[in-house]
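Here are two chains to look at together. Have the sequence and the model open as you read.

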Amino acid sequence: MARRFAKPNPVFVASAYMIRLRNIEFSHPRSTFRLSFPLLEIARGEKVAIVGPSGCGKTTLLNLIAGILLPQSGIVELGGEAISKMKDAQRRRFRIARIGQVFQRFELVEYLNVRDNILFPVYINFLLRLDRATMQRAESVGEQLGLADKMLRFPAQLSQGEQQRVAIGRAMLLDPRWILADEPTGSLDHSNKLKMIDMLFEQSMKNNSTLIVVTHDTGILGGFDRIIDFAELCGAHSEAALTAL
Amino acid sequence: MTRIFWLAWRYVLYHRWKTAIMIACISLTCLFPIAISVLLDQFNHQIVLRARATPFVVGARGSKLDLALHTIYFEGRSPEQIPYGSMELVTSSGSAAALPIHSKYTAHGKRVIGTTLDYFEFRGLVIDRGDSLVRIGDCVVGANVARDLKLKPGDQILTHSDNIVDIAGSYPVKLTVTGIFSPADSPDDQVIFVDIKTTWVIDGHGHGHADVRHVGDEKLLGIDGNKRIASAAVQPYIEFDEESLRDLHFHGVMQDFPVSAIIVIPRDERSATLLLSQLNRSESMIQMTEPLLEVQQLMAIVFQIKRLFNANALLMGISTLLLLFLVVMLSLRLREGERQTMHKLGCGRRTVWLTQVTELVLVFIFASICISIMTILLVLVPPDFLKWFTVAS
């Protein structure tokens, strides 16, 4: 059983794969929302669920970790590298090479088939090589996820379960150290939710990747090492420190 | 850059119907003014070419444009006729050659043109099958007439009669096809050529019939001295063979027989000027005109109308562009999520926009290709009606 508000598991020692957010201050320029906390650490291989009601800052936290958003102050470190201090191109390169992301509505590209959707991160990043090995890797990821016979189908021709797998395949293509999933089960029925979480765990364990899942669905929290409740950071307590959890 | 084009290509391919509609919109909007311009230029070129090949035309007083257009294209109502004797006014001084044109009749919907053999030489018409005109009742048909009416040398066609001496009945004349012209891509392909005398026979000025000395009294209206006046019961020959040609005779003076127009080929510019001043006197019943001038005046009006078309095309183009802009903006709004995903995955904002702009560029490239192909086709394969305005060479 997962422990709510648990401290990092002692078996997860600080390493080059650790996520560390220190003295974070973030506010959206066009809203009153503020996020502030002194320290959040997530160890290598840890499976963390971030829960809380809508609008409390869960997605913002994921975006800060991925380097999509930058804090007004504080440092976001991934594996010892301060992603928040990197230049935009550097940060994008870092994100594409090391972070796998799964989105709530899968966000597959409708005009690309399964194989090309898995390869999409490579297509849109010219720094990454699109060679035979990458193609084979996409085929192999598709096979692992049971999509071998559907590689030439388009998202509209797939079931929701199959679309999930394509979204996971896209996140896994480059063997990411960190997997960030934003409400990956938000639009699924219960059995598909559990399958999705199982697949994420499986992929995470295969690569010893750190998995961070943002969710407001308490029904899927069973297998996580740690659950962080973001509710306390919302409203009047928006400046609460995560490390106190 | 290759990957951007590839992604854009995949998008265009996936949304092929949407893309096809956009390409069609752009192509048609652009093609309309281009086609008008190309066709009009070709039309102008061809019409001027034919007019230039017909130096002057003499005909009855009235619209000079109608006279010129009818004489060189054989289209529209036949102009008022003038006497054949007018030819002498033109040729008497030896300063010009003249070709009579008689264009009053039709046969099976095709215009029957009475002229002389010199006309064929003047237009450079070449006989493809059969022979030229030999005797009255012979005809040589244009390539399109032969094709449309499935005629070959030796066949016969009946004229649609409009006989001026026909009181009791109409007597069409049976023409024998002696030859077929090679295609000339000109109005000459559309008509049936006969000797000018044949048209006078159709007119009723010349005819053949049974010898009235040997017809029964029941077919005689009376006897005036040694003159026997036959009734309409004595039918004229409508077909010409050796026997009927022997009996063929003309009533009246040839100088008074009608022609629709006369093509005048002056020896030099001075002769042309003299003829113009001589024939265009105010008291003259005939007039002489230069088809090229008439056609150029006509084209000046046509080009003025073209400006209206251009203005219309411009407005259409602007409205189409605005509609396309709206479609693109709505499409971009709908694809906001896709752009966000690309950005979140690590794609630069510039690359994200470049990908979507490239899709639009592809649409414009395809539209340009369509426009180019259609324009080339218009130039290489002009519509049939343009061929009518060409001159045989």
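Some questions and answers follow.

This is a predicted model: local features need pLDDT of at least 70, side-chain atom pairs count only at pLDDT 80 or more, and totals for chains, interfaces and linings use all residues. Residues are numbered from 1 along each chain as its sequence is written, chains are lettered from A and ligands numbered from 1 in the order written, and side-chain values use heavy atoms, without hydrogens or water.

Reader: What area is buried between chain A and chain B?
Author: Buried area is the accessible area (1.4 Å probe) that two parts lose on being put together, summed over both. Carbon and sulfur atoms give 62% of it here. The total is about 2,200 Å².

Reader: Which side chain of chain B meets Asp116(A) in a salt bridge?
Author: A salt bridge puts a side-chain nitrogen of Lys or Arg within 4 Å of a carboxyl oxygen of Asp or Glu. The rule finds two across this interface. In one with Asp116(A), the N to O distance is 2.7 Å. The partner is Arg10(B).

Reader: Why is strand E1 of chain B largely enclosed by the rest of the structure?
Author: Strands are DSSP runs (E, at least two residues), numbered from the N terminus. Buried means under 20% relative accessible area (1.4 Å probe, protein chains only). E1(B), residues 56-60, is largely enclosed because five of its five residues are buried.

Notes
Buried < 20%, exposed > 50% of the residue type's maximum accessible area, 1.4 Å probe, protein only. Helix = DSSP H or I, 4+ residues; strand = E, 2+ residues; numbered from the N terminus.
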